[in-house]
Amino acid sequence: MILTNWLRKSRRTAAALTLYNAVVRHARTPDFYLRLGVPDTVDGRFDMIALHVYLVLRRLGRADDEDKRFAQALFDAMFMDLDRNLREMGAGDLSIGRKVKGLAAAFYGRIQAYDAGLEAGDGALDEALRRNLFRKSKPASWQVAAMTAYLQGQVRASEAWETPRLRAGEVAFGPPPEGEGA
């Protein structure tokens, strides 16, 4: 029984890492930064990864208990990677916990903002993206509108994502949106 649970958890962790790596590859698609105005900075990359992890967690959160356990494994994979990246960038051991805690709070804040923006309509999602994804940059209105449409479209598309495929480490995001800079 203990060995079976350990093997199941080990497989889940490996699949979550595979899925997380697929999310990161998509979030680093150059068009998001070069054409759509997301800042190509550590913060901008965090925000693009957070946006795409949000989409996957949102889908998994609407499913069964195994999917919810997998969602936790994906969250854990994300924050293990963030911890590793902070260490590679030279953060000291004593400050890592505080920094990871701050990133987790930022991630939860984005989840709330995106959920509220999707629910409210009336430009609320535009504002959530402008505040979180674009932060201090000055994106053109078409860039914000393109990213809003992208997020809304990915939410709709995610309803068709089969959770066994997600749990196998596979995800099918759509391409970055077209727009004025295309």
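These legends accompany close-up views of a predicted model.

**View 1**
As general background, nonpolar side chains tend to be buried together in soluble globular proteins.

**View 1. Met78 and the residues it touches.**
When residues up to four places away in sequence are left out of the count, Met78 touches Tyr20, Phe46, Ile49, Ala50, Val53 and Phe107.

**View 2. The aromatic pair of Tyr54 and Tyr114.**
A pair of aromatic rings is described by the distance of the centres and the angle of the planes. The count of aromatic pairs in this model comes to eight. In one of them, the ring centres of Tyr54 and Tyr114 are 5.6 Å apart and the planes stand at 65°, so the pair is edge-to-face. Because Tyr54 lies in helix H3 and Tyr114 in helix H5, the pair ties together parts that are 60 residues apart in sequence. Tyr54 and Tyr114 are both buried.

**View 3. The aromatic pair of Phe79 and Phe107, and the cluster around it.**
Phe79 and Phe107 form an edge-to-face aromatic pair, with 6.1 Å from centre to centre and 65° between the planes. This pair links distant parts of the chain, since Phe79 is in helix H4 and Phe107 is in helix H5, 28 residues apart.

**View 4. Arg45 over the face of Tyr33.**
Here a charged residue meets an aromatic ring, with Arg45 lying over the face of Tyr33 at 5.6 Å from the ring centre.

**View 5. The largest pocket and its lining.**
The largest pocket has a volume of about 280 Å³. Its lining consists of 15 residues, of which Val42, Phe46, Leu82, Asn85 and Met89 lie nearest the centre of the pocket. Helices H1, H3 and H4 each supply at least two residues of this lining, and the largest share, five residues, comes from H3. Phe46, named here in the lining, is also among the residues that Met78 touches.

Technical notes: Residues are numbered from 1 along each chain as its sequence is written. This is a predicted model: local features need pLDDT of at least 70, side-chain atom pairs count only at pLDDT 80 or more; totals for chains, interfaces and linings use all residues. Side-chain values use heavy atoms; hydrogens and water are left out. Contact means heavy atoms within 4.5 Å. Rings of Phe, Tyr and Trp (its six-membered ring) pair if their centres lie within 6.5 Å; planes under 30 degrees apart count as stacked, over 60 as edge-to-face and the rest as tilted. Helices (H or I, at least four residues) and strands (E, at least two) are DSSP runs, numbered from the N terminus. Buried means under 20% relative accessible area, exposed over 50%, partly exposed in between (1.4 Å probe, protein chains only). A charge sits over a ring if NZ of Lys or CZ of Arg is within 6 Å of the ring centre and within 35 degrees of the ring normal. On a 1 Å grid over the protein atoms alone, a cavity is a set of points where a 1.4 Å probe fits but cannot get out, and a pocket is an open set with protein on both sides within 12 Å along at least five of seven lines; lining residues have an atom within 4 Å of a point. Grid points are joined across faces, edges and corners, and a volume is the space filled by probe spheres set on the points.
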